[in-house]
Amino acid sequence: MATVKVLEHFGIDHTFPAAQTCCGQPMANSGCMLEAKPLALRFVEIFKKYQYIVAPSGSCVAMVRNHYTSFFDKNDVEANEVRRRTYELSEFLTQVLKVDSFDGRFPHKVGMHQSCHGLRDLRLGPSSEVMTQRPETVTELLRNLDGISFSQLQRPDECCGFGGTFAVAEEAVSCMMGDDRINDHLNAGTEVLTAGDMSCLMHLEGLIKRQKHNIRVMHFAEILAESIK
Amino acid sequence: MSHPALAQIFVDDKPRAQWHDKALWFVRQKRDRMASGVPEWEDLRQHASEIKQHTMSLLPDYLEMFEKNATARGVKVHWAADAEEHNRIVTEILQQHQVKKLVKSKSMLTEECHLNPYLEKHGIEVVDTDLGEWIVQLRDEPPSHIVLPAIHLKKEDVGDTFHEHIGTEKGASDPKYLTEAARNTLRQRFCAADAGLTGVNFAIAETGGFVVCTNEGNADLGVSLPKLHIASMGIEKLLPRASDLAVFLRLLARSATGQPITTYSSHFHGPREGSELHVVLLDNGRSEILKSPEFRRSLSCIRCGACMNTCPVYRRSGGHSYESTVPGPIGSILTPLKDPEAHSSLPFACSLCGSCTDVCPVKIDLHHQLFAMRSFLDRKKLLGMPKKLSMKFASGLMSSKWVFSGAGKAARTALRWLPRFAVYNPLNPWGKQRDLPDAPKDSFRAQYAAYQKDQAEKKSRPSSGAGGPS
Amino acid sequence: MTQSSRQQILTRLRAALPESAALPNLPARGPWQTFDNPYDRFCEVLESVGGICFRVPTLVAANERLNQIAEWNEAKVRVSVVDGVGVPTVDLASIDDPHDLENVDFAVLSGHFAVAENGAIWVTDDTVKHRVLYFLPQRLAMVIPASEIVNNMHEAYGRIQIGDNVFGAFISGPSKTADIEQSLVIGAHGARALTVFAVESL
C-alpha cells in the first residue's frame, strides 16, 4: 500500500489488475522454463493494455525485461511492448517521472541494501565491481528527506543470500550471507534497513527477528510513504 | 555429496568459514584497487571479450595457423581429443626421453586430466612446483582455487605438512621460514629434473609461440634446465596476434590477484638449442561447448579466478565443496556441461547475484549462463522430483487468480493461528535460522480493493472539507 | 594417432562455429593510460612489488652503485653480462651446461626497456648464453637504458617482435608468493631481490 501512496503523491492514475498472480520467476530460477511459460503469457495478457507497469520489486522486473525473451518470439510486439513498459518503482520515479527529490521527513539512520537484480540486472545503481559511475535510484529518492542519514557499509553491495529457492536449497550459506549483511549494518549503526526488493527484506528481517536485533526493516516505498505524514 | 551438504559442513566451522570469506574478499578488494587505477578498464574488458569471440568464430583456422607457425620453429605439436589421450601422449614423450623425474608448473588442464596419478602409474615421479600446488600435492588433496590452490589452509596447516614431509621444525608456521624451506627443497628438484611441463596462459596464432605467467619463477626454472619442455594447452587458449597480449596481460593479474602483472610473463617461440619443445593441444569437450549458443561464451575464460574471489557462495563454502577441478561460478558451468548427472547441484550453488559477471575480464555472462544451466538440467531431467513437482504445483496454483488468492488466504490464516512448533520444525528449512514474515490479515489485493472502494465513496460524497487522512 | 585426433577435432570445430565476430583494432598508441613521468611511475611500481631502481649517468656509475650493495660484495659466485658493471667470478663462455650455474649468488644482466604501468622489464635470450640466469641466481641486477621506458603494454608490444627470440620475458621485480595464508613472501623460486640500474648514457 505504500507504493500506492507514493504513486498517488505524484498524481499517478493507478490500478491493480486483480487477475495477476506471479511473473514466473521462481520457476525460471529453478530451471523450470516450461512451468514458467504459462505465467509469462498470462502476465503479458493481463498487463498489455497499460501504459506503464510498475513493480516495487527489482527481481520481478528483471525477470520480465531480461528473461521473458525465452517465452516469446523476438518479433512479438505485444510482449516486447510489455517488457519495455515494465519498470521497477525507483526507476519509474526517477527516470520516467523525473523525480529528483522527495519532500518528507525521516530522521533516521538508513542502511541501504542493494538488491542484486536491481543493481546488476537493471543497473539501478553503481556496482562496486564495475568501474563506471552510475546514479543510484533509491538513494536519489531518499537523500533529501529531512533528518535522514545513511550508514557506511564495509561491503555496500554484497548479496543478502536470498536468491530464491537458494534460500532453502543452500540454507547454511544463505543464512551466513544474511548474517554478514546484518552485522555490517549493526556495525554501521543502521536503524532502518531498506531495499527495493521484498525478497531480500523478508530474508534479512527473518534473521533479524530471530536474533532479536533492534533494526527496523522497511521497503523504500514504505519510507517514502511514512515520510509524507 | 552435493554442494549444499559440503557447504553445510564448511559453514558449521563458523570461525574458519569467516576467515576464508575475509581472505578471498581481500583479494577481491585488491582487484578493485587495481581496476580503478586503469581509466580504460571497462574498455579493456570489452576488447578482451571481442578478441575471444572473434577467435572462437575462427578457431580451427587459428589452430592450424598456430600449428604451422610453431612447427616451423621446431616445436612438435600434438592433438589430444580427450583427457586419456592427453595423458598418453605426455607419457609417451616422457618415456621416449627416458624421463624419470618431471617438474610441473601450475596447469589446471593437467588437473582436469588427472595427469599426476597417470604418470605415477607409469613410473614417472612428478613434482608440482607452484608452492600452493606442492602443498596440496603433499597433503594429497585437490587445489581449492585455480590461482590460490592452498587458500583454504592456515599457515599452521602448512607448517604441519612441511614438518611431516620435509622436516621443518615442529609447530613452525612463519610463512617466510616455510617458503624458504620450500625454496631449498624444490631447488634440488629443479636441478635434478629430466623434463619440465607447463600449462599455457596464452598461445599466439600468428607467431606460433605461447606465454606462461607465474610469480614464483617455477615454470621457467622447470623448463630452462632440463632438455625437454612439454606445454599442455586447451584449444581455447589461443589469441590471434601478439598485440592482443597487451590487453590480456593488463587484465589477467589485476583480475586474479590484484597485481599489475605477474612477476614473470615468459614467451616461448621454439625449443632452446639442444632441447625439445612439445605442445599438446587438448579438446576434451571444448568443441562440444563451442556448439552451444547458450554456453560457448564460457570458452573465453582465461582462468583468472576473479569470479571465485567475488562469489559470496564460494567464499563461504570453499572450493572443495564443488568437487570440481575448476570450482566457483565458471566451474559450475563447465563441469556440469561435461558431466551433468554428477554435478547437478552446482548451478544451484548460486544466488544469481551477478557479481561474477561484473568482474570477469572477458565479460562472460556468468550468472546468465548459470541461470541457463538450470533449464539445461531440467531438459536432461536432472532436477530431482521434489523440486520439479513443487514447481509444477506452484505454476498450476498461480495460473488461476482464485486458486492463488485462496492459497494465500489459507497460508495467512494458518500462519496466524498455528502454534510455533508446527511452523518451525525440521520440515521447514526456511525456519531453521529465520522467522517467517508476520502474516497480514488481508492480502494486498484485498487491501487495494478496500482502499479503492473507500476513495470512490469519498469522491461521491458532497465535499465538506477537502483532505482528511489519506 | 594424434593425426586422426587432429582431424576429428578440426572437423568437430568446423561443424560448431559461432557466427563471425570482428577483431578489434588495437594500435600501440591508442586510448591507453600514459604517465606524465613514466620513469617515476616505473620506479614506484617496481618498489611496490619488492624491487628497487637507481638512476645513474653511466655504466661506471652503475658499477660504483653495485659495489655498495652488501650482497654483491659478499657474493662468492658472480656473473655479469654487462661490460663494466660488476666483475664476474664466472666465465660464462666456458659454461655449457646451465646446471653448472646452480651456485650463482648474484648476476648482473641486461634488459631492453621498461614498462611504467607495471614495473616490468623486457628481456630476451640473445643477451645471455643461458636464459636460466634470469631465474636461478639468488639475486639479480638488471641494467636498462634510462631513456627506454614505455607507458604501457600496448606500447611495449608495439616495439618488439616476440617471434624474433626463442625466449623473451617481462620480468617485474623479484620472485614472490602469497600461497601461505596470503602472506606475501619475496623470494620464491626465482631471484630473492632485483635491483635495476637505469643508465642515462650507455
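Q: Buried area is the accessible area (1.4 Å probe) that two parts lose on being put together, summed over both. What is the area buried between chain A and chain B?

A: The size of an interface is often given as the accessible area lost when the parts come together. Here chain A and chain B bury about 5,800 Å² between them, and carbon and sulfur atoms give 59% of that area. The contact (heavy atoms within 4.5 Å) takes 61 residues from chain A and 72 residues from chain B.

A word on conventions. This is a predicted model, in which local features need pLDDT of at least 70 and side-chain atom pairs count only at pLDDT 80 or more, while totals for chains, interfaces and linings use all residues. Residues are numbered from 1 along each chain as its sequence is written, chains are lettered from A and ligands numbered from 1 in the order in which they are written, and side-chain values use heavy atoms, with hydrogens and water left out.

Q: Where does the salt bridge of Arg28(B) and Glu129(A) lie?

A: Take the distance before the location. The closest N and O atoms of Arg28(B) and Glu129(A) are 3.6 Å apart. The pair crosses between chains: Arg28(B) sits in helix H2 (residues 14-36) of chain B, and Glu129(A) in the loop between H7 and helix H8 (137-142) of chain A. Over all chains, the count comes to 51 salt bridges.

Q: Which of the two pairs of chains in contact share the most contacts?

A: Chains B and C share the most. Chain A and chain C have no contact, and their closest C-alpha atoms lie 15 Å apart. The contact of B and C takes 99 residues from chain B and 66 residues from chain C. They bury about 7,100 Å², 60% of it on carbon and sulfur atoms. In chain B, Trp79(B), Arg183(B) and Arg187(B) lose the most area to chain C, together 10% of what that side buries.

Q: How many salt bridges and polar contacts lie between chain B and chain C?

A: The salt bridges number eight. In one of these, the side chains of Arg250(B) and Glu117(C) meet at 2.9 Å, N to O. A polar contact is a pair of N or O atoms within 3.5 Å; within protein, one must be able to donate a hydrogen and the other to accept it, and residues adjacent in sequence count only if both atoms are side-chain atoms. The rule finds 37 residue pairs in polar contact across this interface, both at pLDDT 80 or more. Helix H10 (residues 175-192) of chain B gives the most to the side of chain B that touches chain C, with eleven residues.

Q: In what order do the strands of the open sheet in chain B run?

A: Strands of a sheet pair through backbone hydrogen bonds, either parallel or antiparallel. Two strands count as paired if DSSP finds at least two bridges between them. In chain B six strands form an open sheet in the order E1-E10-E7-E4-E2-E3, with parallel pairing. Strand E1 (76-80) and strand E3 (125-128) of chain B each have a single partner strand, so one side of each is left without a neighbour in the sheet. The twist averages 20° from one strand to the next.

Q: Which strands of chain B and chain C do five bridges join?

A: Strand E9 (residues 264-268) of chain B and strand E8 (residues 167-171) of chain C run antiparallel, joined by five bridges. His267(B) has Gly168(C) as its bridge partner in E8(C).

Methods: Helix = DSSP H or I, 4+ residues; strand = E, 2+ residues; numbered from the N terminus. Axes fitted to C-alpha atoms, helices over the stretch in contact; angles between N-to-C directions. Salt bridge = Lys/Arg side-chain N within 4 Å of Asp/Glu carboxyl O.
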